[in-house]
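Me: I'd like to learn how to read the disulfides in a model. Walk me through them, then through the fold around them.

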Amino acid sequence: MKVLFILSVFIITTCDASLTSRIGGGSVGDIAKYPFAISLLRQQGEVFRHQCGGTIISNNAILTAASCFFTGSVVDDAFLWRARVGSSYSNRLGLIHIIRRITTNPDFQQITRVHNVAVVRPTIPFTYGETVQAAYLAGGAYSLPAAEGVQAIGWGVTSTNGVISSDLRETTIWVTDFATCVNRYSELNLTVTDNMLCAGWLGVGIRGQCEGDTGSPLLHNNVVVGVFSHSEGCASPRYPGVNTKVSSYSRWIEDSAVAAL
């Protein structure tokens, strides 16, 4: 099993391997274009429903957000979760995998959402095909300038107070200057660290990451550069979405993905 990291735009290496979190705007996507995208389903009564997004990073590991799995201060048991792979829909088609292990970053803090990253392991390895593939991840040297276009995908709501989309959706947004993101969220007494990556359409809104998109990938040239963590509102013109910066956690992700089960 290998986890694939891109160290820069040009170099590829392989290594063994109140906040709301809601895609606003955009259009319907196709799993064949994003075969690494998965819907994470949590048990609700007798059924499993979409709760978060995730990214296949090897044939037996998924990258997502730690905040998906906390009930109060306790991490959910893995048996409460399933992963739907190989489908453009969160509620049908594809294959359902039982989750065996949830590893959240040990430094994750629920209030501030710092270190909001997790790796999930299925009971049975994924079988690769046209609609099931591992993604490339940004390595430690990956450079991403402000104002660069990035793609957000997920099954979240499409507007504030909307309903979860059963269709995978995609939209283009732009990397927010770090200082601007820090200043905007300081207005709300919220902290943005250099391990976070902000993206949105400042001054316009309409497009952005929304409730139900938590854990879903933020993509640059089809490389996963962020894991959606949280936002203030949905597709806000003033407050961009906040993502965990993947390049800051490449070693931890790799270690968690290849750890013995």
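This is a predicted model: local features need pLDDT of at least 70, side-chain atom pairs count only at pLDDT 80 or more; totals for chains, interfaces and linings use all residues.

Me: Are C210 and C234 buried or exposed?
Reply: Both C210 and C234 are buried.

Me: How many disulfides are there by this rule?
Reply: The rule is a distance test on cysteine sulfur atoms, within 2.5 Å. The count comes to three disulfides.

Me: Which cysteine pairs with C181, and how far apart are the sulfur atoms?
Reply: C181 pairs with C198, at 2.0 Å between sulfur atoms. The torsion about this S-S bond is -70 degrees, which is left-handed.

Me: What parts of the chain does the pair C181 and C198 link?
Reply: Distant ones. C181 sits in helix 1 (residues 178-186) and C198 in strand 15, 17 residues apart. C181 and C198 are both buried.

Me: How far apart are the sulfur atoms of C52 and C68?
Reply: They are 2.1 Å apart, and the two cysteines form a disulfide. The torsion about the bond is about -115 degrees, so this disulfide is left-handed. It also links distant parts of the chain: C52 is in strand 5 (residues 47-58), while C68 is in the loop between strand 6 (61-64) and strand 7 (70-71), 16 residues away.

Me: Why do C52 and C68 count as buried?
Reply: Compare each relative accessible area with the cut-off: buried means under 20%. C52 has 4% relative accessibility, so C52 counts as buried. C68 has 8%, so C68 is buried too.

Me: What pattern do the disulfides follow?
Reply: Number the bonded cysteines along the chain, then read off the partners. The pattern is 1-2, 3-4, 5-6.

Me: C198 came up in strand 15. Which residue of strand 18 is the bridge partner of C198?
Reply: V242 is the bridge partner of C198. Now look at the strands themselves. Strand 15 (residues 196-200) pairs with strand 18 in the antiparallel sense, over four bridges.

Me: How many residues of strand 18 are buried?
Reply: Four of the five residues of strand 18 (residues 241-245) are buried, leaving the strand mostly covered.

Me: Step back to the whole chain. How many helices and strands does the chain have?
Reply: Two helices and 18 strands. Size can then be set against a rule for globules. The radius of gyration is 16 Å, close to the 18 Å that the globule rule gives for 261 residues, so the chain is as compact as a globular protein of that length. The C-alpha trace spans about 45 × 45 × 35 Å along its principal axes.

Me: What share of the chain's residues counts as buried?
Reply: Of the 261 residues, 53%. The chain exposes about 10,900 Å², with carbon and sulfur atoms supplying 50% of that area.

Me: How many positive and negative side chains are there?
Reply: There are 18 positive and 18 negative. The centres of the two sets lie 3 Å apart.

Key: Residues are numbered from 1 along each chain as its sequence is written. Side-chain values use heavy atoms; hydrogens and water are left out. The radius of gyration is taken over C-alpha atoms; the globule rule is 2.2 Å times the number of residues to the power 0.38. Buried means under 20% relative accessible area, exposed over 50%, partly exposed in between (1.4 Å probe, protein chains only). Accessible areas come from the Shrake-Rupley method with a 1.4 Å probe; for residues, only the protein chains shown count as cover. Lys and Arg count as positive and Asp and Glu as negative; His and the chain ends are not counted. The place of a charge is taken as NZ of Lys, CZ of Arg, CG of Asp or CD of Glu. Two strands pair if DSSP finds at least two bridges between them.
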